[in-house]
Amino acid sequence: MMHFFDYELPERLIAQQPAPRRDESRLLVLHRGDGRLEHLVFRDLPELLAPGDLLVINDTRVLPARLIGHRDKTGGQWEALFLNKTADGLWEMLAKTRGHPVSGEAFIAEGGLRLILRGRTDEHHWLMAPDAPGEPDDLLVRFGQVPLPPYIRRGRAESDDAERYQTVYAEKLGSVAAPTAGLHFTPELLGRLQEKGIANAGVTLHVGLGTFAPVKVDDPAKHAIHREWCEVTAATCEAIRACRERGGRVIAVGTTATRTLETARMRPFRGETDLYIRPPFDFRVVEGLITNFHLPRTTLLLLVGAFAGSDLLRRAYEEAIRHAYRFYSYGDAMLVL
């Protein structure tokens with residue numbers, strides 16, 4: 001029997017393309033009260049929520065953080081993923097090429113951006129200096145590509161990915177991966193929710209590469225959790241208080257919104273979070289969760305297990321595999337109530 005944290009997934013169930021329409025994804029509903037599982041479609045969401053409920057979305061926008069190019073010296077292929085800008089202005093990057101480049105060597109990204117290797121971090125990330133003026137956000141928008149996860153077409157983006165790997169409400173540039181629970185929303189669906197009296201409020205969490213890091217230790221409590229920058233505004237805190245006063249539920253759209261809300265705990269917050277949500281966990285803010293199906297042995301799966309309950313989540317994943325749900329970033333969704 002599958003443990004909720006570690007499971008085997010047939011490769012054919014890893015979604016390689018998004019659904020034809022965002023809200024046509026399937027939706028597996030988990031009822032924590034009585035353990036029921038329901039098979040629906042994401043566009044059914046307004047019928048599953050009640051007037052007065054509040055959806056909390058993550059308004060981060062994915063950086064085109066992937067650079068593809070070549071070594072200036074040899075012409076050999078090179079590709080890299082931007083992680084962050086260091087205090088001294090260098091770009092910290094995951095990069096790969098054949099051979100062993102040395103400090104001072106130049107690399108040319110498609111479009112002509114030139115970067116110089118200046119060193120490496122203790123984690124073997126490359127430290128590079130772009131030979132062009134401008135902030136990383138501006139340069140990546142000009143020269144970068146959509147940073148698809150490696151399990152989607154080996155990371156190779158297609159023309160539609162620039163739109164489909166962003167939420168329709170993406171606003172604040174800064175993530176290296178999409179907050180995938182939000183990919184199922186359309187402007188029309190958001191309109192239907194509002195017509196029913198289901199409001200939404202925004203938080204921001206810039207998704208880092210650490211979100212995908214596998215938990216390699218047998219005891220998840222010994223895993224070193226990644227840090228991510230997030231923000232909750234006073235206006236969002238007020239929207240949550242108003243939701244509580246009218247008897248509504250706070251429904252987090254995604255693990256990223258959940259981590260942000262539980263970090264802030266109803267107070268305005270701006271900064272890095274290292275909150276590690278795993279069973280058991282006392283949720284103070286979130287009362288419902290929309291999420292995708294996550295990779296095994298990840299902190300994302302631990303978070304959902306802490307909210308849904310380990311046994312119910314295990315049954316849900318077994319059911320999803322049996323009914324050939326589509327998994328991971330471009331896959332189907334779950335609603336936990």
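Asn292 has a relative accessibility of 1% and therefore counts as buried, since buried means under 20%. This value, like every other in this report, comes from a predicted model.

Asn292 belongs to strand E16, which covers residues 288-292.

| Side chain | Backbone oxygen reached | Distance |
|---|---|---|
| Asn292 | Tyr328 | 3.2 Å |
| Asn292 | Ser329 | 3.3 Å |

When neighbours within four places in sequence are left aside, the residues in contact with Asn292 include Thr180, Ala181 and His184, and also Tyr317, Gly331, Asp332 and Ala333. Tyr328 and Ser329 are among these contacts as well.

**The barrel**

Six strands form a closed barrel in the order E5-E6-E7-E10-E9-E8, and their pairing is antiparallel. On average, and with direction ignored, neighbouring strands of this sheet are turned by 45° against each other. In general, the strands of a sheet pair through backbone hydrogen bonds, in either a parallel or an antiparallel way.

Where do E5 and E8 meet? Strand E5, residues 66-71, pairs with strand E8, residues 106-109, in the antiparallel sense over 3 bridges, and Gly69 stands opposite Ala109 of E8. E8 also pairs with strand E9, residues 114-120, again in the antiparallel sense and over 3 bridges, with Ile108 placed opposite Arg114 of E9. The hairpin of E8 and E9 has 4 residues between its strands, and in this hairpin Gly111 takes a positive phi near 100°.

Are the two faces of E8 covered or open? Both are covered, for Ala106 and Ile108 on one side are buried, and so are Phe107 and Ala109 on the other.

Although Leu83 and Arg66 are 17 residues apart in sequence, their C-alpha atoms are 9.7 Å apart in space. Beyond its neighbours within four places in sequence, Leu83 is in contact with Glu92, Met93 and Leu94, as well as with His125 and Leu209.

**A helix against the barrel strands**

Helix H2 spans residues 136-143, and within this helix Pro136, Leu139, Leu140 and Phe143 are buried. Seen down the axis of H2, these buried residues fall within an arc of 100°, so they line one face of the helix.

**The largest nonpolar core**

In soluble globular proteins, nonpolar side chains tend to be buried together. In this model the largest nonpolar core has 61 residues, and the members that touch the most others are Leu30, Leu261, Leu313, Phe327 and Met334. Helix H7, residues 299-308, gives the most to this core, with 7 residues.

Which residues are in contact with Leu261, once its neighbours within four places in sequence are left aside? They are Val56, Val203, Ile240, Val250, Ala252, Met266, Val285 and Val286.

Terms used
Residues numbered from 1 in each chain as written. Predicted model: local features only at pLDDT ≥ 70, side-chain atom pairs only at ≥ 80, totals over all residues. Heavy atoms only, no water. Pairing = 2+ DSSP bridges. Axes fitted to C-alpha atoms, helices over the stretch in contact; angles between N-to-C directions. Buried < 20%, exposed > 50% of the residue type's maximum accessible area, 1.4 Å probe, protein only. Arc of directions from axis to C-beta. Core = buried A, V, L, I, M, F, W, Y, C linked by side-chain atoms within 4.5 Å. Contact = heavy atoms within 4.5 Å. Polar contact = N/O pair within 3.5 Å; in protein donor to acceptor, adjacent residues only side chain to side chain.
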